[in-house]
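Work through the two exercises below with the sequence and the 3D structure open, and try each task before reading its solution.

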Amino acid sequence: MPLTCLGIEGTAHSFGAGVVSDQGKVLSNVWDMLSPQEGGIHPREASRHHSDKGPDIIAKALTEAGIGPHDITLIAFSRGPGLGPCLRATATMARSLALKLEVPLVGVNHCVAHIEIGCLESGFKDPVTVYVSGGNTQVIAFAGNRFRTFGETLDIAIGNMLDVFGRTMGMRFPAGPAIEQEAMKGHRYYSLPYSVKGMDVSYSGMLTAARRLQTEHIPLPDLCFSIQETAFGMLAEVAERAIAHTKKGEVLLTGGVARNRRLGEILAGVAARHNARFHTVTPPLAGDQGAMIAWTGILQYTAGDRLSVAESYVLPKWRTDEQDITWRNLS
Amino acid sequence: MRLEKWAMGAESTIFKTEQWGYPIVLKWRPQKPYLLKDIDELLKKTRTNRECKMLTHARALGVSTPTVHWTDLENYTIAMDFIEGRQLKQLASTLPESRLREICFEFGQSVARMHRGNVVHGDPTTSNVLIDTKSRLWMVDFGLAEWNATTEMKGVDLHLIRRALETTHWDQQEVMLTATLEGYVNLLGSEAEPALSRMDVIRERGRYH
């Protein structure tokens, strides 16, 4: 029987619902992001956002896909990692729908979903993945039945660094796009702490330094330019170390910060130096959305994965490398 | 002079050649057009400089490293001894467990020798450990090494070792990690404790554990 999966994503600030077929066709992908007037994301406010907007977003995803509730044959939800209140609100909706529609449920790892949707879009089989978002900065590759984190941030995520800096400058959340715009007008480079440790990076030092420079009345475009070049340069280096170490021939850029064009340009250069193919996920599939959850749900279900409602508790600290990737046959 | 492209590293290209009849390698850090020029030049310069000094400094601390013949800072190139052997990364799965333990024990001791001299390697993966044809262990690639290492920096070094074993040697990681840390403690004794506990703290610090 052909599968039509409804994927529900709600690990942090965004709630999304997407419908994907087992042929890998994205039939719909609807989401809404909490963007407070000021400040950052409060977990409780975000979970309330999901509870309030969730049902309408799910309904809209079905309408856009041109299907009714009873055409759904599988429900997948983001089981972790993420903010506890958000995960629980999302899981509650997924469980209710699975029980009501009497269809199976699968729990998806959010980070793994970002990789799998990128692989679906690019046709990549075994990439080195650079996964960058508000909450994550990881360099991941498949080895021994798991997605293994070869490198990651030792403190804050790259998107978090951009958001916190942007907030200092009075930019609204998320600040990445505004910083990218400013950076295009900048040209003078101010040196910032460049912190690479093996395949890991650290962004807290450069954040502190950037905020200090800001008090010295350095033009905002130059400051944004310097932040981007430094932060992305560090990512390029750890990605390059992972490519040289694993000798893989594909490089995938995924996650919300993948929308940044300068970052894509830099990583394309890295891939070219190592004769690797390169793909950046397209903007609709870059951030947190339901299609990636639906697609990964289909992969898991097809490989025999099932999750009973009774055991469907959320996993806020679920690491990328804790899940056996049963649907991939590479070694 | 015959130049043979020997290996492609993350930040360098390694050529094999000869000098006075002996095989040597040239480690060249090429320009990276995708990086901002200011950053690229600063990195190439500081790392070439640092690696050259650190290869010698680490040897003074009792760690086997290739001898530096000359350095060309204008062209970001270091000429050093060619080590006839293989990376531990490639060897690990081919070795009997007892031999693997011995090598890892020795690897842990080498790292401890650096740490005792307040030096960290900065990228202690199994790609950067060479075993030569006489079974001798060498440490290479000191571009990220640092002086005046604090407990935090040593803890990061150990964290990176554990990570490298988890990702690259997942099916042998327990044997390898245990032996490496045994070698580390064997050399440092109770001095090993602060860095070892910091390794665990650092692991928990990441965003999602």
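**Exercise 1: the fold of chain B**

In this predicted model, buried residues, meaning those under 20% relative accessible area, make up 55% of the 209 residues in chain B.

Task: Describe the secondary structure of chain B, and work out how compact chain B is for its length.

Solution. Begin with the elements: chain B contains 6 helices and 8 strands, and along the sequence these follow the order β-β-β-α-β-β-β-α-α-β-β-α-α-α. The C-alpha trace of chain B spans about 50 × 40 × 30 Å along its principal axes. Then turn to the contacts in chain B with a separation of 6 or more, of which 62% join residues 24 or more positions apart. Finally, consider the surface: chain B exposes about 9,700 Å², and carbon and sulfur atoms supply 50% of that area.

**Exercise 2: the largest cavity**

Task: Find how many cavities of 30 Å³ or more the whole structure holds, and state which residues lie nearest the centre of the largest cavity.

Solution. A search of the whole structure gives 5 such cavities, and the largest cavity has a volume of about 110 Å³. Its lining consists of 15 residues, with B:E11, B:K32, B:L35, B:D40 and B:L43 nearest the centre. Sorted by class, the lining of the largest cavity comprises 6 nonpolar, 1 polar and 8 charged residues.

Technical notes: Residues numbered from 1 in each chain as written. Chains lettered and ligands numbered in written order. Predicted model: local features only at pLDDT ≥ 70, side-chain atom pairs only at ≥ 80, totals over all residues. Heavy atoms only, no water. 1 Å grid on protein atoms, 1.4 Å probe; cavity = no way out; pocket = protein on both sides within 12 Å on 5 of 7 lines; lining within 4 Å. Points joined across faces, edges and corners; volume = space filled by probe spheres on them. Nonpolar A, V, L, I, M, F, W, Y, C, P; charged D, E, K, R; others polar. Helix = DSSP H or I, 4+ residues; strand = E, 2+ residues; numbered from the N terminus. Rg over C-alpha atoms; globule rule 2.2 N^0.38 Å. Buried < 20%, exposed > 50% of the residue type's maximum accessible area, 1.4 Å probe, protein only. Contact = heavy atoms within 4.5 Å. Areas by Shrake-Rupley, 256 points an atom, 1.4 Å probe, with all protein chains shown as cover.
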